[in-house]
Amino acid sequence: MKLQEYQSKREFAKYGVPIPRGEVATTPEEVRAIAQSFGKPVVVKAQVLVGGRGKAGGVKLARTPDEAEEVARQILGMKIKGLTVKKVLVDEAADIKNEIYLGAVVDRNSQRVVMMASSEGGVEIEEVARVSPEKIIKVTVNPFLGLLGFQARQLAFGIGLDKSLVGQFTKIAQGLYNAFIGSDASLAEINPLVVTGEGKLLAVDGKMVLDDNGLFRHPDLAEMRDVEEESPYEVEARKYGLSYVQLDGTIGCMVNGAGLAMATMDVIKLFGGEPANFLDIGGGAQADKVAAALRIILSEEKVNAVLVNIFGGITRADEVAKGILQALKEVDTDVPMVARLVGTNEEEGRKILAEANMATATSLAEAAKKAVALSKGESVN
Ligand code: GDP
Ligand code: MN
């Protein structure tokens with residue numbers, strides 16, 4: 001789960017990271033009132049869950065309340081990478097002398113949290129990593145010790161930070177690390193962390209990605225989920241306990257078990273098709289869950305064939321077959337489908353589907369070949 005910039009920064013602030021004074025608004029009038037109450041120049045910032053808002057025109061400086069209202073009018077309602085801006089953050093503007101990068105991520109190779117810093121702040125870190133990787137300084141954190149003072153100083157000196165700022169930097173780096181650990185994050189990033197004209201460090205931007213599996217430990221953070229900002233299909237999937245990830249292909253996949261779902265996608269590609277999604281309906285899927293899964297798959301317009309691959313163990317194949325029929329009653333569709341049902345009650349399951357004129361298969365290879373053929377408009381069986 002991604003947090004909005006304002007949520008991320010407030011989380012960081014709880015751990016001692018300095019952030020600008022700021023308030024969230026949804027109308028230009030509110031923005032004006034906030035700017036008025038600050039009595040200082042402000043930055044109006046689109047709150048959408050994508051990066052590069054600045055470049056897209058979603059971050060604008062305003063010297064007066066009039067100007068703030070005016071830029072808010074431009075930003076609210078604009079589209080950034082397909083997302084409509086419904087909220088803005090109004091921050092007291094910072095007098096920026098220098099922009100640096102500071103981030104914490106899980107590094108799978110060392111199986112530890114790695115803290116990264118760079119003198120090249122304000123631009124996308126992926127770009128820095130590509131063009132000048134030597135400008136990214138990294139330290140690996142021991143989970144039992146946390147980010148130690150000397151490690152934070154190593155980052156500070158590594159990016160050439162002025163000595164007078166190292167004390168502040170250390171506090172911020174440790175704060176960011178503690179925020180990361182304290183909220184079960186998989187990413188926590190300040191880009192840019194700025195040096196102000198007064199010689200202070202300030203987190204001007206913030207980004208946090210939380211581990212969904214840790215969210216149950218943080219009801220306060222879970223509550224911040226902005227359902228309106230997420231893909232409606234992913235929201236629907238979560239409601240039914242389905243693991244669903246939208247992809248670019250045309251063959252919809254409904255599978256039980258994450259490993260089998262991955263294998264199914266591989267085999268589709270092996271036979272020349274492109275999966276439209278990853279979808280794991282989990283164990284013991286009941287008819288209503290299957291119906292929801294099918295509705296979600298078919299709500300994607302580009303899907304022109306569906307492959308159902310069920311290995312019946314706890315999940316009974318006849319239950320799944322009934323679920324498919326139930327879904328087909330609810331969803332009016334002419335998208336062709338092929339089902340591979342094996343395991344518990346497979347005979348019954350196949351019989352139910354055959355009566356509904358659906359193509360079936362016994363091996364995954366056969367099912368994938370048929371799905372690819374259906375997706376190309378060829379007929380099978
Ligand atoms: P992003 O483009 O989505 O990463 O949004 P940021 O919050 O990082 O803002 C983009 C850029 O706008 C920053 O790198 C800064 O250069 C600039 N910016 C943001 N806030 C301020 C501010 O308070 N004062 C000034 N002068 N520039 C700002
Ligand atoms: Mn940024």
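Which residue takes a positive phi in the hairpin of S11 and S12? In that hairpin, which has 4 residues between the strands, glycine 199 takes a positive phi near 75°. Strands and helices are DSSP runs numbered from the N terminus, a helix being H or I of at least four residues and a strand being E of at least two.

The structure is a predicted model, in which local features need pLDDT of at least 70 and side-chain atom pairs count only at pLDDT 80 or more, while totals for chains, interfaces and linings use all residues. Residues are numbered from 1 along each chain as its sequence is written, chains are lettered from A and ligands numbered from 1 in the order in which they are written, and side-chain values use heavy atoms, with hydrogens and water left out. The chain is divided into domain 1 (21–92), domain 2 (96–222) and domain 3 (231–375), with bounds that come from an automatic or database domain assignment. Between domain 1 and domain 2, the C-alpha centres lie 25 Å apart.

Strand S11 is mostly covered, with 11 of its 12 residues buried; buried means under 20% relative accessible area, exposed over 50%, and partly exposed in between, for a 1.4 Å probe and protein chains only. Its pairings were assigned where DSSP finds at least two bridges between two strands. S11 runs antiparallel to strand S8 (residues 96–107), to which it is joined by 8 bridges, and glycine 103 stands opposite glutamate 189 in S11. S11 also pairs with S13 in the antiparallel sense, over 4 bridges, with valine 209 in S13 as the bridge partner of leucine 187. The antiparallel pairing of S11 with S12 comprises 3 bridges; here valine 194 stands opposite leucine 202 in S12.

The manganese ion (ligand 2) is coordinated by Asn191 (O) and Asp205 (OD), at 2.2 Å. Asparagine 191 lies in strand S11 (residues 185–196) and aspartate 205 in the loop between strand S12 (201–203) and strand S13 (207–210), so the pair ties together parts that are 14 residues apart in sequence. Donors are N, O and S atoms within 2.8 Å of the metal (3.2 Å for Na, K and Ca), and sites may look incomplete, as water is not among the atoms. Asparagine 191 and aspartate 205 are both buried.

Aspartate 205 also approaches ligand 1: one of its polar side-chain atoms lies 3.0 Å from an oxygen atom of that ligand. Of the 16 residues around ligand 1, those that come nearest are Lys45, Arg53, Gly54, Ala94 and Glu99, where a residue is near a molecule or strand if one of its heavy atoms lies within 4 Å of it. A polar side-chain atom of lysine 45 lies 2.6 Å from an oxygen atom of ligand 1, and for a backbone N or O atom of alanine 94 the corresponding distance is 2.8 Å.

Arginine 53 is found in the loop between strand S3 (42–46) and strand S4 (59–62). This arginine 53 is buried, with a relative accessible area of 8%. Its side chain makes a polar contact with the side chain of aspartate 205 (3.1 Å); a polar contact is a pair of N or O atoms within 3.5 Å, and within protein one must be able to donate a hydrogen and the other to accept it, while residues adjacent in sequence count only if both atoms are side-chain atoms. A polar atom of the arginine 53 side chain also lies 2.9 Å from the backbone oxygen of alanine 46. Residues up to four places away in sequence not being counted, arginine 53 touches Glu5, Lys45, Ala46, Gln47, Val48, Gly58, Val59, Ile80 and Asp205, contact meaning heavy atoms within 4.5 Å.

In strand S7 (residues 88–92), 5 of the 5 residues are buried. Val88, Val90 and Glu92 lie on one side and Leu89 and Asp91 on the other, and both faces are covered. S7 pairs in the antiparallel sense with strand S2 (residues 22–25) over 4 bridges and with S3 over 5 bridges. Opposite leucine 89 in S7 stands valine 24, and opposite aspartate 91 stands valine 43.

Helix H3 (residues 65–75) has Ala68, Glu69, Val71, Ala72 and Ile75 as its buried residues. Their cover includes helix H2 (28–38), S3, S4 and S7.
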